[in-house]
Protein chains: 2
Amino acid sequence: MTRLSDRKKKILSAVIEEYIASAEPVGSKLLAEKAGLRVSSATIRNELSELTSLGYLAQPHTSAGRVPTAAGYRLYVNELMEQPDLSREEAARIDSSLAGKAQGHEQMLDDAGRLAADLTDYPALTLSSQGSDTVRRFDLIHVDANTFIIVLLLSSNQVKNKLVHLPFSVEEAQLRRLSAVMNANFCGVGEAEITGERIYAAERAIDDRMGLTAVVAGFTIETLSQSHGARAAISGGAKLLRQPEFQDPAKAHSLMDYLSDAAHLSELPCDGFDCAGGTDVKVLIGPENVAEELRDSSVILAKYDAGDGMQGVIGVVGPTRMDYSKVAAKLSYIAAGLSRALAGNAGNALPGFGKLMLTEKKEKSDS
Amino acid sequence: MTRLSDRKKKILSAVIEEYIASAEPVGSKLLAEKAGLRVSSATIRNELSELTSLGYLAQPHTSAGRVPTAAGYRLYVNELMEQPDLSREEAARIDSSLAGKAQGHEQMLDDAGRLAADLTDYPALTLSSQGSDTVRRFDLIHVDANTFIIVLLLSSNQVKNKLVHLPFSVEEAQLRRLSAVMNANFCGVGEAEITGERIYAAERAIDDRMGLTAVVAGFTIETLSQSHGARAAISGGAKLLRQPEFQDPAKAHSLMDYLSDAAHLSELPCDGFDCAGGTDVKVLIGPENVAEELRDSSVILAKYDAGDGMQGVIGVVGPTRMDYSKVAAKLSYIAAGLSRALAGNAGNALPGFGKLMLTEKKEKSDS
DNA sequence: TGCTGGCACTCTTATCTTTCGAGTGCTAAT
DNA sequence: ATTAGCACTCGAAAGATAAGAGTGCCAGCA
């Protein structure tokens, strides 16, 4: 289908790149000067005219320059654009930002989102659609007569906890029995299979009359369902306002409002990552988006791997006029780094860790 | 100083309330009709003129109505406005929103922020300037030969954890010794006092040659410093764009950018809560703000108590033209609810908790 | 056949005027 | 002290004009 002459391709690319940079319709004259083609503006006009009737370009009004259509962007992204390598500095910045601290999953994601927003100057979104998690190990810590802590080690290597205050007292031995029965019955068990019956059975097995089993099981279900349902977040929303296409407050507001609802973000299609040069990057251009609010924006998503089969997505939202190549490269690199950091979680540089913290601390108390 | 005739007060209030509602300069004619005063517009013009020269009102240009100045708002907030009670529905909504789940400190705060933003239609900010926390109890859970979990119970009743992978193996007995020495030496100790020497001493006490003590101490320091430094967050930033005063994207952008940096939020003055009718609400009007970016906005803050001496602030940011009374009432109510939920953390309705979770779960799997 | 210069035409954007109206301040009368 | 009346000011909206950018097409040329 795509039987475009080399010259047409070149011109289309030039139009898109120029438009990405200037946000203004680009005309034949400019093209004749800037693009490396050694032809006159009249020739270019003819080509532009054809590209327009092919549906790759459009003109806002009769006497304006050309603007890429969604189809134009699509073609550009799929076939025309070249994926640039990141500059050393940028790569280094990403590396250091991600390598900084080995914190929890969520904080890491948040940081990555902020980083992506900073680097691309577009709002960044992160969603971890971590598959179905299970508990690998239960621990109950007896604090005092009425208090204990539930500690769950999940198969995704996350640790979750909850402090429980009781209106009655409980003994350490009881907790030991309880944790034993939880470990025996609910390790590796998915959220859906933690049924009332099984809880009841466990309850009876240790003769638990105070409903402690149900408390622990309840927290487990809550935790699993929470990490099962995709967590979504957005950062750097204010950056939208920098884009000329969002000078109209109504537009900006509609999009920002849409984005700030995590429920909407989770609806983004997180499968079918194969386009854009083999890397795990996906580009949704304007009307390709299902959500009405995203129809004149584009979304670029990169998949990362969180180890243990879990995966998530980090991406940015911007006007259709985005520097797809640069943004895709950055996101891809960030996603890769994230995968490394999360999957290779085991590789905490342990020696010297304590010292590191100490020196950091010193600096802080100075300031 | 404030020797205003009753009529002037009434007029000033009327101007402010009208302006709050309409966002447009208000003139003498409208006032003559709406305000309950039985005088003509000419009389009101005279009064307006005086209020203007007193500095409480200003006119954008010679032939426009009057607009309140910061001083006008201040007077209104301090003396004129009446604190309305919340409607039953609103109170109920806040109660149910806060009582919903008894989660962690941070999540609770996030939820409260979202609630405040939704209820007031202004961006909400939350900051927990939790004083200096200490560890109340250390636990180390042995997972497998190379892995253990650090569990810290803080004096604020928060529980923090970290999964540690080791490049060498460690025995359960070692961990027991380590936790004993940590508990003995670092319970109730502030971040600043966890010095290298003390860590070294502890290390020697249990003959720890692998630096495990440092690892645990490092995490402790990290945790304490993190919860010591105020955590700040913002939600509902998009709502700003709804306000007429932020139709100019540049203004909106400047403020939103400012707000999205947590570091800036923490700089808000969180002391001196005494104005506005005895409740713990503080109003910063326009130029009263130190930050340049907040100079033509107002901030309303309400203090909440997180138990154990810790406290935080929840508030909203909006144009100086804010419905101070309503917003203050809402924030105050939310803050009170938050205090109750956090301080009275002990009062988890325990019986039936497990069942509750189960039914919730059922609903989810249905959809 | 394909490219180029030239030229008339179109349509937006910016700028400048004009008009309209709301609101004021002042004065004279009650 | 309050009010009615009136001239005046000034911004916002509407209309008019001018400028400029870009197109499409045609005729001539390799």
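## Terms and basis

A polar contact is a pair of N or O atoms within 3.5 Å; within protein, one atom must be able to donate a hydrogen and the other to accept it, and residues adjacent in sequence count only if both atoms are side-chain atoms.

The model is predicted: local features need pLDDT of at least 70, side-chain atom pairs count only at pLDDT 80 or more, and totals for chains, interfaces and linings use all residues. Residues are numbered from 1 along each chain as its sequence is written, chains are lettered from A and ligands numbered from 1 in the order in which they are written, and side-chain values use heavy atoms, with hydrogens and water left out.

A residue is near a strand if one of its heavy atoms lies within 4 Å of it. There are 21 residues around DNA strand D, and Ser28(A), Arg7(B), Ser40(B), Thr43(B) and Ser63(B) come nearest. Sugar and phosphate make up 76% of the atoms of DNA strand D within 4 Å of the protein. By class, this surface has four nonpolar, twelve polar and five charged residues (nonpolar: Ala, Val, Leu, Ile, Met, Phe, Trp, Tyr, Cys and Pro; charged: Asp, Glu, Lys and Arg; polar: the others, Gly among them).

A side-chain N or O atom of Arg45(B) lies 3.2 Å from a base oxygen of DNA strand D, and a polar backbone atom of Ala64(A) is 3.4 Å from a sugar or linking oxygen of DNA strand D. H3 of chain A and H3 of chain B are the elements that give two or more residues to this surface. Helices are DSSP runs (H or I, at least four residues), numbered from the N terminus. H3(B) has the largest share, four residues.

## Surface near DNA strand C

Around DNA strand C there are 20 residues, of which Arg7(A), Ser40(A), Thr43(A), Ser63(A) and Ser28(B) come nearest. Four nonpolar, eleven polar and five charged residues form the surface near DNA strand C.

A polar backbone atom of Ser40(A) is 2.8 Å from a phosphate oxygen of DNA strand C. Arg66(B) places a polar side-chain atom 3.3 Å from a phosphate oxygen of DNA strand C, while a polar side-chain atom of Arg45(B) lies 3.1 Å from a base nitrogen of DNA strand C. Helix H3 (41–54) of chain A and helix H3 (41–53) of chain B each give two or more residues to this surface. The largest share, three residues, comes from H3(A).

## Domains and nonpolar core

Chain A is assigned domain 1 (6–80), domain 2 (95–130 + 229–345) and domain 3 (135–228); the bounds come from an automatic or database domain assignment. The centres of domain 2 of chain A and domain 3 of chain A, taken over C-alpha atoms, are 35 Å apart.

A nonpolar core is a set of buried Ala, Val, Leu, Ile, Met, Phe, Trp, Tyr and Cys residues joined through side-chain atoms within 4.5 Å. Buried means under 20% relative accessible area, exposed over 50% and partly exposed in between (1.4 Å probe, protein chains only). The largest nonpolar core has 58 residues, of which Ile300(B) and Tyr324(B) touch the most other members. Helix H12 (residues 324–343) of chain B gives the most to this core, nine residues.

## Aromatic pairs

Two aromatic pairs are found over all chains. The rings of Tyr73(A) and Tyr324(A) have centres 5.6 Å apart and planes at 55°, so this pair is tilted (rings of Phe, Tyr and Trp, its six-membered ring, pair if their centres lie within 6.5 Å; planes under 30 degrees apart count as stacked, over 60 as edge-to-face and the rest as tilted). Tyr73(A) and Tyr324(A) are both buried.
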